[in-house]
Amino acid sequence: MRGESFRLKKPDEIAKMSHSGEILGACLEHVANHVAPGVTLNALDREADTFIRDHGCIPGFIGYDGFPKSICISVNNEVVHGIPSERAVQEGDIVSLDCGLILDGWWADSGLTVPCGTVAQEMQDLITVTQEALYRAIEVARPGAHIGDIGHTVQTYVESHGYSVVKHYVGHGIGRDMHEPPQVPNYGKPGTGNELKPGYVIAIEPMVNMGRDGVRTLDDNWTVVTQDGSWSAYAEHTVAITEDGPHVLTVRPAERSLLASRKCAVG
Ligand code: MG
Ligand code: MG
């Protein structure tokens, strides 16, 4: 894994990461509010890029391993890493937004799946279950828990709804680099993997397919799609582990009261 070797973040460093995260949460809400029938993916990318720069941050994705845009947008059967284009989203699409930024050298990484207009109930259910899987995973991410507890929580909840979790891509530690150790899979066994301690900062990001878990990458070398053509949803937050429990750094303004009612700190 690229990035600096793992080390725990100090409280003042987590405070800096919460500034990055707050701006990213606001950015994602801003972009999500622009998702509507007829809007192009490039227009959404411009909204993200402008918002990030206007808030004094650096868009993290553009140029990262050669990625050409400031946000990944993955529609319907696309899982992650979709490249914005002149494609226009349509009524009934589900649109996954994944964005990252850097402020004072500290990364934030987050995303969500947004319905475009009115979507089929089964697609709204997919989005809701994916978001809930993330929230449940966040609640277990506290000192003394293990990385495997996070994956187990995501996997059992998702599979109880008849969906599957993508195994090929995983969450990750985050800090001075977007991708730091440890890996944070969306599957696993309780009590396995690293034990979480105060100072861990991790990106938890369930990727949930309505059908089978297999994925493949398109010829653009970025866009990951489901092998079986089923639709896929995604949700991600950057979360700091503190002595008091999980602290969600990338909370979106509209999500704040909902998350505050869960077993975690926000903001
Ligand atoms: Mg991300
Ligand atoms: Mg990530």
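Predicted model: local features only at pLDDT ≥ 70, side-chain atom pairs only at ≥ 80, totals over all residues.
What is the order of the strands in the open sheet of 3 strands? The answer is 3-12-11, with antiparallel pairing. Residues are numbered from 1 along each chain as its sequence is written, chains are lettered from A and ligands numbered from 1 in the order in which they are written, and side-chain values use heavy atoms, with hydrogens and water left out.

Back to the sheet. Strands here are DSSP runs (E, at least two residues), numbered from the N terminus, and two of them pair if DSSP finds at least two bridges between them. Strand 3 (78–80) and strand 11 (215–217) are at the edges with a single partner strand each, so one side of each has no neighbour in the sheet. On average, neighbouring strands are turned by 40° against each other, direction ignored; the axes behind that angle are lines fitted to C-alpha atoms, and angles run from 0 to 180 degrees between N-to-C directions. Strand 3 meets strand 12 (residues 224–226) over 2 bridges in the antiparallel sense, and Val80 sits opposite Val224 in strand 12.

Now for the metal. Donors are N, O and S atoms within 2.8 Å of the metal (3.2 Å for Na, K and Ca), and water is not among the atoms, so sites may look incomplete. Asp109 also bridges to the magnesium ion (ligand 1), with the two ions 3.2 Å apart. Both His172 and Glu205 are buried (under 20% relative accessible area, with exposed over 50% and partly exposed in between, using a 1.4 Å probe and protein chains only).

Note on methods: Helix = DSSP H or I, 4+ residues; strand = E, 2+ residues; numbered from the N terminus.
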